[in-house]
Amino acid sequence: MKKKFFKKSNFLNIFVTILAALYAVPMYTAVVNAFKSYKDMTLSPFTPPTKIYLDNFIEVMNKINLFVIYRNSLLITSVSVVLVVILSAMAAYPLARYTTRLNKFVSKFFIVGLMIPSGLSIISLIKLLMILKISGTYLGLFLTYAGSAWICLVIFMYVGFIKTVPKQLDESAYIDGAGYFRTFWQIIFPVLKPCTGSAIIIASMGIWNDFLTPFILLGGGDNAKTITLAIYNFAGKYTSRFNLIFTVMLLSATPIIILFILMQKQFIKGLTSGSVKG
Amino acid sequence: MKKSVLLMVVVMLFTIVTTGCGSTSTSQEKSTSTVQATSQSTTEEVLKQAEPVTLTLSSAEESYPKELLDKVSKIYTAKNPNVTINVDTFSGMEQVAYYKTKLAAGQLPDIFFINTLDPVFINANAIMELPQEVIDLMPDSKLNTYKGKIYQGVNNKQLFGVFYNKKIFADLSIQEPKTIAELDAASALIKAKNITPFATGFKDLWVGGMFMEMYFNTSATIFNTPDWDIKRLANEVKYDSPEVIKGYQSFSDFNKKGYFGKGMMGTSYQQCTEKFATGKAAMYPMGNWVIGDFAALKPDFEIGWFPFPAFEGTTKAIKGLGTWFVISAETKSPKEAIDFYKWLGSDPEAMAPICERMSLIPDVNNKIDYKADPLLLSIISKTDTMDSVVASGAQVGDNVPPPGFADIQQKIDSEIAAGSDIIKSVQNQDVEYDKLLKLKK
Amino acid sequence: MKAIKLTNKNRINFISLMFFGPALLLYFIFTIIPATVSLLASFTDWDGVSKNFNIIGIANFIEIFTGERFINAVKNTSLITIFSVVFVNILALILAILLDNVTKGKSLFRSIFFVPQVLSAIIVSYMWAYMLNYDSGIFNVFLNGIGLGSLTQDWLGDPRFALISFTLILIWQGVGFYMIIYLATLQTIPGELIEASRIDGAGPIRQFKDITLPLIAPAITTCVILSIIGALNVYDMVIALTNGGPGFSTETIVVTMLFEATRTSRQGVASAEAIILFIATMVISIVITGYLRKKEVDY
């Protein structure tokens with residue numbers, strides 16, 4: 001009996017391994033060629049590099065001011081994500097706890113934002129930022145993200161999750177005499193950690209990789225501020241030098257991949273409860 | 001305890017936000033080259049207003065590379081130390097879309113290059129009218145009139161034709177084709193040797209588009225009706241006509257015979273140039289400016305050129321008006337901008353390096369002495385003796401097609417290249433043209 | 001605010017407002033207002049930049065419904081949406097089930113399948129453009145290598161294949177995300193239930209139908225809706241991979257919308273197309289959510 005069980009799971013393991021290997025081929029290609037010279041790449045694109053060739057990285061760093069652009073992307077993503085998470089968690093609390101007519105309406109109002117086609121409001125948004133005199137600034141970008149469809153999504157996630165937190169938790173805090181804000185931030189919010197984890201990952205991914213909004217607000221080209229804009233510009237300049245393009249991509253994707261690996265457990269826990277039962 | 005954490009977060013946010021406020025989009029990044037003048041002042045400069053002025057000079061990297069613009073800017077700022085020129089180039093985005101976005105955001109550069117000036121810029125009062133002093137130096141700018149006014153200079157001539165690999169032709173005993181039929185035969189011979197006859201592609205739509213324009217030009221439309229584009233604006237001719245279809249059909253047939261190579265749809269401008277210069281493709285339909293790019297690729301064969309053949313009779317040279325940069329009407333330093341613009345577009349000190357690098361044929365009053373590539377000179381001498389027509393895609397001023405149509409045309413071109421029903425495509429082309437024509441106020 | 005009596009309606013409303021006020025305000029300013037302005041523009045011939053425009057009623061709507069361009073975009077978008085939503089969810093569920101039962105390397109597999117989702121559209125596009133290149137891409141090289149050279153195609157440049165290739169790449173990128181949601185949901189199914197049904201003699205398929213499916217139904221609803229909205233709005237990937245080409249064969253609604261906004265300077269037409277997409281998204285979401293929720297309840 002035990003032997004049979006063993007065989008079955010081995011077979012499954014191997015099958016999934018093969019599946020994963022096939023799935024990873026495009027990424028493997030990118031990684032492998034980032035370490036090859038142009039000649040080597042054109043000769044044998046799919047074999048692992050015979051020697052670790054770091055010149056691509058040096059060349060890329062000479063052409064793009066990588067550290068500054070990284071810092072920019074990091075700054076934009078982290079501040080925007082923090083804003084989104086804080087505002088959304090706060091907003092989700094009453095929407096999850098009290099189903100008054102007002103709250104039901106506000107919930108629906110937020111959901112509508114998810115359905116607005118991307119790119120619709122770009123032109124009007126620029127005009128608005130110009131009127132508010134924050135066009136072209138980081139502040140404008142932060143506020144745009146903080147008021148964007150991202151909060152619609154994150155509020156949705158939090159509402160589902162908060163609903164699974166027992167009301168007794170809030171109530172015992174109130175009975176002890178705590179005010180609403182204190183109750184939320186000190187008692188409830190820590191319990192929402194899994195959902196916060198998921199929200200951080202999803203929002204970070206989206207904002208780090210966003211092209212249109214930073215392009216419109218900050219401008220692109222050689223003065224590209226974020227890593228995604230920089231890749232776009234770089235790839236446009238060196239369309240055939242795939243080995244360099246892959247190098248830049250590797251540099252761009254690595255931080256987010258690391259973030260994901262670190263927060264994997266939180267992410268998954270956050271996705272299960274509530275957010276999925278939406 | 002948690003409260004203090006919250007406080008910390010708020011404080012952190014506040015500091016970040018205020019730092020962020022400081023660094024607006026004009027912060028000093030390594031990629032923005034700030035060219036400062038350091039030379040000693042001459043009496044001329046002492047007399048000049050020593051008010052420091054900053055100008056932004058912008059272009060697509062493909063049109064005028066940063067290197068070149070930096071080099072030329074340095075020359076200017078050495079003579080005008082109060083002027084700082086920030087060069088800003090971009091890649092990967094289509095020109096018009098890029099600048100339109102900047103227009104909407106109120107961030108137009110002081111002086112920028114755009115191939116065809118889209119009327120939306122003019123209607124938004126975003127482009128400065130060129131003063132007479134500039135027009136006097138670039139007289140052909142008078143051809144680029146929009147509703148009686150001149151917004152964009154014209155300071156060089158363009159020639160469109162087919163570059164070819166002399167070695168391959170010699171090996172296969174091919175003569176320069178004078179008719180489409182001869183071109184067909186030559187391509188068949190080349191293809192039989194497993195060499196791609198033509199380097200072209202539609203990843204950068206304009207490359208394939210330009211090639212198709214040559215068929216369009218030659219298929220009795222431009223050759224029989226030289227002002228076809230102008231007539232189309234007045235609705236006197238249509239794309240859905242035998243002459244136009246003849247040219248498109250020829251292009252489509254060539255593609256079906258495999259003369260353009262199979263991966264053509266995804267090949268970019270850069271890749272096409274590489275393909276030709278490394279001998280993988282035998283012919284390259286392109287404009288004169290590409291000569292500047294050949295040298296860097298070190299071709300191991302001699303490059304020739306022949307004008308695009310006609311269906312019957314003698315072929316004509318296909319020319320274009322080389323448009324120049326424009327000046328933003330919102331510039332904070334109009335006097336300096338005009339001065340720089342004038343110098344950039346007509347002064348031998350500026351035009352010599354530009355024409356040399358970009359293989360341009362200058363068309364200004366000043367005599368420009370520069371080291372022209374012998375290939376360029378041979379092209380000029382060849383075409384000087386020929387009759388010529390203006391390329392369909394190279395119209396300027398009031399004669400440009402409705403805004404946005406060029407893109408649609410190129411997309412339809414790629415559709416035809418991909419094997420669509422030509423009749424349907426040209427009918428669609430007319431529909432789209434008329435739609436946009438309504439807007440051309 | 002030491003409120004203990006939470007039954008006072010006004011008090012609740014006030015507290016609620018305090019909590020969602022900031023988010024609501026920013027949302028209103030930066031999303032609702034620009035969207036409304038843009039939507040109103042659909043009744044004008046505004047070019048997006050200049051100060052003047054004329055109100056032209058529903059002329060824009062008539063144009064887009066009688067012209068070929070928009071209808072073509074709707075067709076492409078519909079095909080992409082239906083195909084990708086169905087396959088992304090089915091594949092994600094299958095992978096989730098497989099991974100749920102894998103004994104070793106679960107974390108690693110999870111990461112591998114999820115990583116494509118983490119990459120930006122341009123990265124994914126360049127990777128695949130490289131792989132599907134007609135001459136040197138691994139796909140065709142492989143086909144040639146195993147003697148199936150006659151099957152090689154210009155996967156992204158041939159109008160017959162471009163849309164399918166694009167959709168498959170979209171699926172490749174999206175599967176990981178939904179797989180993780182399904183996986184997480186599967187892991188909340190109490191093991192005893194499965195054990196109990198196995199003892200009862202139910203085969204794996206019965207198990208799935210009677211136990212698993214009902215318990216993950218809410219997750220399916222969420223995933224389906226999210227993937228629909230995502231597919232209807234594809235833009236970045238289209239631009240980076242094919243730019244709507246060859247010809248117009250991969251042009252989606254958002255692509256043509258932004259083309260009109262930025263290239264032909266017809267914000268009115270772009271807004272009209274956006275309204276249609278918006279209404280369609282809402283209707284589809286409401287209908288499908290209603291249908292799936294009903295099925296949930298049935299279970």
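Visitor: What makes two residues count as in contact?

Guide: Contact means heavy atoms within 4.5 Å. By that rule, 93 residues of chain A are in contact with 91 residues of chain C. This is a predicted model, in which local features need pLDDT of at least 70 and side-chain atom pairs count only at pLDDT 80 or more, while totals for chains, interfaces and linings use all residues. Residues are numbered from 1 along each chain as its sequence is written, and side-chain values use heavy atoms, with hydrogens and water left out.

Visitor: How many salt bridges are there between chain A and chain C?

Guide: A salt bridge needs a side-chain nitrogen of Lys or Arg within 4 Å of a carboxyl oxygen of Asp or Glu. The count between chain A and chain C is zero.

Visitor: Which kinds of residues form the side of chain A that touches chain C?

Guide: That side divides into 67 nonpolar, 24 polar and two charged residues. Ala, Val, Leu, Ile, Met, Phe, Trp, Tyr, Cys and Pro count as nonpolar, Asp, Glu, Lys and Arg as charged, and the others, Gly among them, as polar.

Visitor: Why is helix α6 of chain A called mostly covered?

Guide: A helix here is a DSSP run (H or I, at least four residues), numbered from the N terminus; α6 of chain A spans residues 122-131. Buried means under 20% relative accessible area (1.4 Å probe, protein chains only), and seven of the 10 residues of α6 in chain A are buried, so the helix is mostly covered. Among them are A:I122, A:S124 and A:L129.

Visitor: What follows α6(A)?

Guide: A:K133 follows α6(A), with a positive phi near 60°.

Notes: Chains lettered and ligands numbered in written order. Buried < 20%, exposed > 50% of the residue type's maximum accessible area, 1.4 Å probe, protein only. Helix = DSSP H or I, 4+ residues; strand = E, 2+ residues; numbered from the N terminus.
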